[in-house]
Amino acid sequence: MERDSDNTQQVKPDKPGVYIHTFGCQMNEYDSQKLYKIFEKEYQPVSDVTQADLVLINTCSIRDKAEKKLYSMLGELRGLKRERPGMMVGVCGCVAQQEGENIVKYGRGVDVVFGTHNLSLAPSLVQLRKNGAAPQVAVNYREEWEELPLGFADVDLTKNGQKQHVTSFISISRGCNKSCSYCIVPTTRGPEVSRAVEEIEREARIAVHRGSKEIVLLGQTVNSYGLDLQPRVSFVALLERIAAIPGVERIRFTSPHPQEVRQDLIDFVSSNSKMCRHIHMPLQSGSDRILKAMNRNYRRDKYLSIIDALKSRVPDMAITTDIIVGFPGETEEDFRQTLDLMDLVQFDNSYSFTFSPRPGTAAAAMQDLLSQDEKAERLQVLQRKQEEMTARRLASWVGKEVEVLVDNRNLNREGCLQGRTSQNVMLNFDVPYEGLKIGDIVKARVVAPKRFTLQGELIR
Ligand code: SAH
Ligand code: SF4
Ligand code: F3S
């Protein structure tokens, strides 16, 4: 999901510093990791932008608000650049791909711009600029998977300073071949390109070697993986290969597109013990009329049938989703159908947004009669409903036994740890347990629900 992060590292005096600020989704997080790796020979990560000699902003364009964040950040950096004349500023990610040259024109003080298919060019662009060339821009699409160094940089992208790498995110495809009428991603990431199975496998093995227990496979429509490979590989075949790697204890993926969820995926997810009992499957709307206008080629019945198939096999499967409210033409009745579908599914959680028109998309040209206030009101109704639903779902865990992967310190309680259940719910331990450590997979009993998390006790 969209979130911001920076890196947390101690500064060593020998190398210049690189600071990467990441907006947007987990795919951007993954790319930022790769950028640290790409630059690791010449630069060391720094946690404080004022100590950086190279600042990269990995941008997101999914909604207007996300794009605006780039421009306010560039404003701040211009000031910093006056104090640190040698500092280089680079813009990459989805806004870079979308705007290219415009960023250099607007940005004044931007030294390099590189798109989502040109990460490997970044060091040479920076070098050219350092040698006195004009600001550099590289935003060409590639038809093949861009080879980047395998593995992970030794840097933590989360804000709490923990460096355990219990979970590793691995991109398995780039881009998207769908054309949802509201979405900018096919423009910013290009057509879908699958990564070779062997590469993914190798990266998963590296992840295990550095201590990962959980692998999260990433793609815009992760379940259409492999259709472009020669020979074709199905997503389920990839899951089987990852599940066969010794040391991989848990597998997640995000996000599957409902249109391409077939029986083989349902069977595998519900029968393989390494597959987590959680699926994040974007719904967008519960109204068939709006789904059609969104060019989402499934209908509410299909969505519900997938959920039924999963829940009948795995009753404790957690279901989360993404929803857009206020799409052009959405009536009260359409909105009511979304709320109704939420009732039917009983989502454990959802990420919801008001529709944001994006440049060049079909929906941006559609007649949009709802005011911003009306959209905001619908969003509030929906989010309140979700909060109640989430609270009920969390309360339903009390007294039950769950499996927890311990992945962090409990930041609110000295000496205690926390983890995540197979359903991806955070569970806090409120007492320290002798011998329990990050990376352990343990059984716990849920004692109480919190607002978004659970409190539990260790079962020995
Ligand atoms: N590939 C994923 C979605 C990635 S974008 C999928 O198809 O499921 C993440 C979420 O952002 C989307 O699921 C959608 O809910 C939201 N989103 C995308 N474009 C948007 C827009 N123009 N306005 C509001 N929300 C949008
Ligand atoms: Fe965007 Fe649709 Fe592709 Fe998801 S499937 S990235 S929403 S175009
Ligand atoms: Fe944003 Fe690009 Fe991801 S638009 S959500 S960073 S694919």
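I count a residue as near a molecule or strand if one of its heavy atoms lies within 4 Å of it. With that cut-off I looked up ligand 3 first.

I am working on a predicted model, where local features need pLDDT of at least 70, side-chain atom pairs count only at pLDDT 80 or more, and totals for chains, interfaces and linings use all residues. Residues are numbered from 1 along each chain as its sequence is written, chains are lettered from A and ligands numbered from 1 in the order in which they are written, and side-chain values use heavy atoms, with hydrogens and water left out.

**Ligand 3.** Around it I find Cys25, Asn28, Thr59, Cys60, Ser61, Ile62, Cys94, Arg189 and Gln220. I sorted them by class (Ala, Val, Leu, Ile, Met, Phe, Trp, Tyr, Cys and Pro nonpolar; Asp, Glu, Lys and Arg charged; the others, Gly among them, polar). That gives four nonpolar, four polar and one charged.

**Ligand 2.** The shell here is Cys176, Lys178, Cys180, Tyr182, Cys183, Val185, Pro186, Gln220, Thr221, His257 and Arg296. I get six nonpolar, three polar and two charged residues.

**Strand β3.** Helices (H or I, at least four residues) and strands (E, at least two) are DSSP runs, numbered from the N terminus. Buried means under 20% relative accessible area (1.4 Å probe, protein chains only). Six of the six residues of β3 (residues 54–59) are buried, so the strand is largely enclosed by the rest of the structure. Leu54, Leu56 and Asn58 point one way, Val55, Ile57 and Thr59 the other.

**Neighbours of β3.** I call two strands paired if DSSP finds at least two bridges between them. β1 (residues 17–22) runs parallel to β3 and is joined to it by five bridges; Thr22 has Asn58 as its bridge partner. β4 (residues 88–93) also pairs with β3 in the parallel sense, over six bridges, and there Asn58 stands opposite Cys92.

I then looked up an open sheet of three strands, order β12-β13-β14, with parallel pairing. β12 (278–280) and β14 (349–354) are the edge strands, each pairing on one side only. β12 and β13 (residues 318–325) share three bridges, and Ile279 has Ile319 as its partner in β13.

Note on methods. Buried means under 20% relative accessible area, exposed over 50%, partly exposed in between (1.4 Å probe, protein chains only).
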